[in-house]
Amino acid sequence: MTIERPATVGVILAGGLARRMGGGDKPMREIGGRAILDHVIARLAPRCDGLLLNANGDPARFARFGLPVVADTVEDYPGPLAGVLAALDWTAGNRAQAEWVVSVAGDCPFLPRDLVARFHQARIADDAQLCVAASAGRSHPVIGLWSVALRHDLRRALMEGMRKIDRWTANYRLATVSWPADPFDPFFNANTLDDLAEAERLARLVEQ
């Protein structure tokens, strides 16, 4: 049975600094002749009703991608949960028809094309309020599906010092959706120069 996908906004969490690569924005590093962020956008945009970037600092550095850039609304850079909150708030104010936000990491160039569809299938099947991705026996809490209705709860938790995604999601009905890691892990992320070299190899194998 095909489940109709409800309106879903996508957010790319692009705020990570490439400290292990010498600094700068990780999503701007290139594999296969294109920025990692180009690969992420190509895989996610067709499955979403609008796409935005979460990043702090000067948004002009992302201008060529043509996407809204939203900064954290909670001070002291509390991590990816702040980026999720910024996306939930943006969606509530700009896409009133969308009740869901899917978040992905900005350094994951090989995201599964069925990410959004499978999240919604699992959410409905498990009567879940949130979903997270998993592969190779590991959870990837940054890659998840979030209810816009929970944004006030999330803001309260952040203001009270919550930082760990899995600690916050443990308070809700959570579905975990697993993908196979063979022949490659769709949630491979480029953190080091060695990872970039591996991503170049994978890019030649993976149909983009």
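Reply: Buried here means under 20% relative accessible area, exposed over 50%, and partly exposed in between (1.4 Å probe, protein chains only). Helices (H or I, at least four residues) and strands (E, at least two) are DSSP runs, numbered from the N terminus. The model is predicted: local features need pLDDT of at least 70, side-chain atom pairs count only at pLDDT 80 or more, and totals for chains, interfaces and linings use all residues. Residues are numbered from 1 along each chain as its sequence is written, and side-chain values use heavy atoms, with hydrogens and water left out.

Strand 6 has both faces covered: Trp100, Val102 and Val104 on one side, and Val101, Ser103 and Ala105 on the other, are all buried. Strand 1 (residues 8-13) is likewise mostly covered, six of its six residues being buried. From strand 1, Thr8, Gly10 and Ile12 point one way and Val9, Val11 and Leu13 the other.

Two strands pair if DSSP finds at least two bridges between them. Strand 1 pairs with strand 6 in the parallel sense over six bridges, and with strand 4 (residues 51-54), also in the parallel sense, over four bridges. Isoleucine 12 stands opposite valine 104 in strand 6 and opposite leucine 53 in strand 4. Valine 11 has serine 103 of strand 6 as its bridge partner. Strand 6 also pairs with strand 8 (residues 138-147), in the antiparallel sense and over four bridges; there, leucine 145 is the bridge partner of valine 102.

A salt bridge is a side-chain nitrogen of Lys or Arg within 4 Å of a carboxyl oxygen of Asp or Glu, and the structure holds eight salt bridges. One of them joins the side chains of aspartate 107 and lysine 26 (2.7 Å, N to O). This pair links distant parts of the chain, 81 residues apart: aspartate 107 lies in the loop between strand 6 and helix 3, and lysine 26 in the loop between strand 1 and strand 2 (30-31). Aspartate 107 and lysine 26 are both buried.

Rings of Phe, Tyr and Trp (its six-membered ring) pair if their centres lie within 6.5 Å; planes under 30 degrees apart count as stacked, over 60 as edge-to-face and the rest as tilted. By this rule there are six aromatic pairs. Among them, phenylalanine 110 and phenylalanine 188 have ring centres 6.2 Å apart and planes at 40°, so the pair is tilted. Phenylalanine 110 is in the loop between strand 6 (100-105) and helix 3 (115-126), and phenylalanine 188 in the loop between strand 9 (174-179) and helix 6 (193-205), so the pair ties together parts that are 78 residues apart in sequence. Phenylalanine 110 and phenylalanine 188 are both buried. Ring pairs link Phe110, Phe184 and Phe188 into a cluster.

A charge sits over a ring if NZ of Lys or CZ of Arg is within 6 Å of the ring centre and within 35 degrees of the ring normal. Arginine 118 lies in this way over the face of tryptophan 179, at 4.5 Å from the ring centre.
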